Amino acid sequence: MTLVAGVDSSTQGTKVVVRRTDTGALVRQGRAAHPEGTEIDPRHWWTALLGTVEGGLLDGVSAIGVGAQQHGMVALDADGHVVRPALLWNDTRSAGAAADLVGELGGAKAWADAVGTVPVASLTVSKLRWLAEHEPGNSRRVDRVLLPHDWLTWRLTGGGEAVTDRGDASGTGYFAPGRGEYCRDLLRLAFGREVGTPRVAAPFEALPGAAVPGLPPIDVVSAGTGDNMAAALGLDLRPGDVVVSLGTSGTAFAATDTPTADPSGQVAGFADATGNFLPLVCTLNAARALSAGAGMLGVALEEFDALARSAPAGAAGLTFLPYLDGERTPNLPDATGRIDGMTRANLSPENIARAVVEGMLCGLADAVDALAAQGVPVGRILLIGGGARSRAVREIAPQVFGRTVTVPEPGEYVADGAAWQAARALTQAPPAWEPRPATDHAADPVPEVRERYAAAREAMRSASA
Ligand SMILES: Nc1ncnc2c1ncn2[C@@H]1O[C@H](COP(=O)(O)OP(=O)(O)O)[C@@H](O)[C@H]1O
Ligand SMILES: O=C(CO)[C@@H](O)[C@H](O)COP(=O)(O)O
C-alpha cells in the first residue's frame, strides 16, 4: 500500500494527513499550533511540522505536498538565512505601501490588468515595498523572496533550488496568472531593485525528495501551493461551485478556466494549482470573530453556538461589523469592529452571539456577490473551514446567503488537497479519490440582516474616506 502526505501550514497551525494513494482513505493525521502574531519566524512552521510528524506519522510515505497560508513574505539572504520574521497575509502595516503602489502604476485598473489583483496590505508586493522603506538594513541583505509554502517545500527538498507554483505565485502581486510569468518590472517598482524569486513549477511536477534531519526518506515532493488552491484540489468541485472557507481568513473562491481582473480590488484574480484560475475574495475576520465573541461573553464555543441559535433571526436589530483585525474586503485596514442598534430590550448574550455569527457571514455573502459580479457562476455554496464546525453557522448561513448551503463533512481540505497533489505528482495520473459526503442546509432568506449590515458597512466606509 503506497501512502502520500499532505501538509496544511495555515495561520494558526500545521495539520498533516496521511492517505492511501489508490483510494484516498485517511490513514493517520496530526496537528500542532503556531505562535500568535502577524509576523513570525518561519522556523516555527518547520518546528510545528517536525512536531506534528514525530512518532512516525510519515513512516512509509512516498510523496508529500504542502499547502500554506498565502502571501507571507519570507525574505532570505544569500546564505539562505531568514532576514527577518515573515510578515503574514493578515499584517496590515503595509496598507500605505499598497496604496502608494496603486498610485504609482496609474491606478487600480493598471494592476488588475497586469496581475489580476489590486494590491492591498496582504500582498507580498506591498510587504516588499514596506520593507524597502522601513528597514533599509534588512532590505540590503535580501537575496530572494519566497512564500510560506515555497520555503517549506525548499526545506523538504533539502534546500537546493527553490520552487513555487503558479497558484501561490499569483498571490504575490508580481506574477501574471494569465501569462504564467513573473512581472520583474513590478518587483523592481516595489523593492527598488532586482530580487530572486523561486522557479515556477509545472502543475503536478514531481520534485525529488532529499535526506532531511527529523524526517523519514520521502521519494517525491510535489510543487505545493497556497492553502486556498490546495482546498480547491481537496474538494470535488463542479462547475458553478463556490467555496466559502471560514478559517482564520474568510475566503470565497471558485475554479474557473478564464482569469479575472477586478479593478474594484474585491476579487483577487489568482491562478489555481492545475493550470486554471481561482478568483477569490478574502476577509480578515472569520472564525476568530466567533471565538472573540465567545471570549467577550465568557463562554466556550459550544455555549456561544447555543446562544446564537436561541436568538431570533436578525438578532432583534443588532448589527455587527466584524472588522476586529482591520479588514481587507472591504479595504479598511485600520477599521475596528462595531455593534449597532443596541437598545435596553435587545442587549442580551443571545442577540450578541447571533449578531456576531450574522455579521461574520454577511462579509462572506458580500464576497460571493463580488465573485458573481465578475461573471463567476454561483450554483452550490460549499462551506468549509473551522467555522463550518459551528452548528449556528451552518444553520444561519442559508438565511444570510439567501440560498441552500452545502457543508462537506468536517475535514482538513487544505491538507487533503496537498496530499492529492502529492499523489498526482507521484503517479503522474489524477487520483480517483472518493468524494466526501456533504449535507445540504436550507432556510428561508432573511434579507434584512444583509440590508442592515450593508448600511453599517457603507457608513463606516464613508467615515474612513
Ligand atoms: N465548533 C466551532 N465553532 C466555531 N469556531 C470553530 C469551531 N471549531 C473550530 N473553530 C475555529 O476555526 C478556526 C480554525 O479553522 P481552520 O480552518 O483550521 O483555520 P486555519 O486554516 O486558518 O488555521 C479557529 O479559529 C477555531 O476557533
Ligand atoms: O490571504 C489569504 C488569501 O488571499 C488567506 O486565505 C491566507 O491564505 C490565510 O489562510 P488561513 O490561514 O485562513 O487558511
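Biologist: Which helix gives the most to the shell around ligand 1?

Modeller: First, the idea of a shell. A residue is near a molecule if its C-beta atom, placed from the backbone, lies within 6 Å of it. Next, the elements: helices (H or I, at least four residues) and strands (E, at least two) are DSSP runs, numbered from the N terminus. Here, helix α10, residues 287–297, gives the most to the shell around ligand 1, with four residues. This is a predicted model: local features need pLDDT of at least 70, and side-chain atom pairs count only at pLDDT 80 or more, while totals for chains, interfaces and linings use all residues. Residues are numbered from 1 along each chain as its sequence is written, and chains are lettered from A and ligands numbered from 1 in the order in which they are written.

Biologist: How many residues are around ligand 1, and which come nearest?

Modeller: There are 16 residues around ligand 1. Ser10, Gly247, Thr248, Gly386 and Ser390 come nearest.

Biologist: How do the residues of that shell divide into nonpolar, polar and charged?

Modeller: Start with the classes. Ala, Val, Leu, Ile, Met, Phe, Trp, Tyr, Cys and Pro count as nonpolar, Asp, Glu, Lys and Arg as charged, and the others, Gly among them, as polar. The shell around ligand 1 holds three nonpolar, 11 polar and two charged residues.

Biologist: What surrounds ligand 2?

Modeller: Ligand 2 has 18 residues around it, and Ser10, Thr11, Gln70, Gly247 and Ser249 are the closest. The elements giving two or more residues to this shell are α9 (227–234) and β19 (277–283). By class, the shell has four nonpolar, 13 polar and one charged residues.

Biologist: Which residues does the UniProt annotation "binding site" cover?

Modeller: A caution on records. UniProt positions are given in the numbering used here, feature names are shortened, and annotations may be inferred rather than shown by experiment. The UniProt "binding site" annotation, from an unreviewed entry, covers Gln70 and His71. Gln70 sits in the loop between β5 (61–68) and β6 (74–76). His71 lies in the loop between β5 and β6.

Biologist: Why does Gln70 count as buried?

Modeller: Burial is a count of neighbours. A residue is buried if 20 or more other C-beta atoms lie within 10 Å of its own, exposed if 12 or fewer, and partly exposed in between; C-beta atoms are placed from the backbone. Gln70 has 30 C-beta neighbours inside 10 Å, so it counts as buried. His71 is buried because 27 other C-beta atoms lie within 10 Å.

Biologist: What does His71 touch?

Modeller: Two residues are in contact if their C-beta atoms, placed from the backbone, lie within 7 Å. Not counting residues up to four places away in sequence, His71 touches Trp89, Ser122, Leu123, Thr124, Leu147 and Gly171. With the same exclusion, the contacts of Gln70 include Trp89, Leu147 and Gly171.

Biologist: How many residues has the largest nonpolar core?

Modeller: In soluble globular proteins, nonpolar side chains tend to be buried together. A nonpolar core is a set of buried Ala, Val, Leu, Ile, Met, Phe, Trp, Tyr and Cys residues joined through C-beta atoms within 7 Å. The largest one here has 150 residues, and Ala5 and Ala422 have the most contacts inside it. Helix α12 (residues 349–373) supplies the largest share, 14 residues. Beyond its neighbours within four places in sequence, Ala5 has contacts that include Val16, Leu58, Ile64 and Ala422.

Biologist: Which residues of helix α2 are buried?

Modeller: An α-helix has 3.6 residues a turn, so residues three or four places apart point the same way. In α2 (residues 95–104), the buried ones are Ala95, Ala97, Ala98 and Leu101. Seen down the axis of α2, they fall within an arc of 160 degrees (the arc of the directions from the helix axis to the C-beta atoms), so they line one face of the helix. On the other side of α2, Gly103 and Glu104 are exposed. The buried residues of α2 pack against α4 (124–134) and α8 (184–191).

Biologist: Which residues of α8 are buried?

Modeller: They are Leu186, Leu187, Ala190 and Phe191. Their arc, seen down the axis of α8, is within 115 degrees, so they line one face of the helix. The face turned away carries the exposed Arg184 and Asp185. The buried residues of α8 pack against α2, α3 (108–115), α4 and β11 (181–182). Gly192 follows α8, with a positive phi near 85 degrees.
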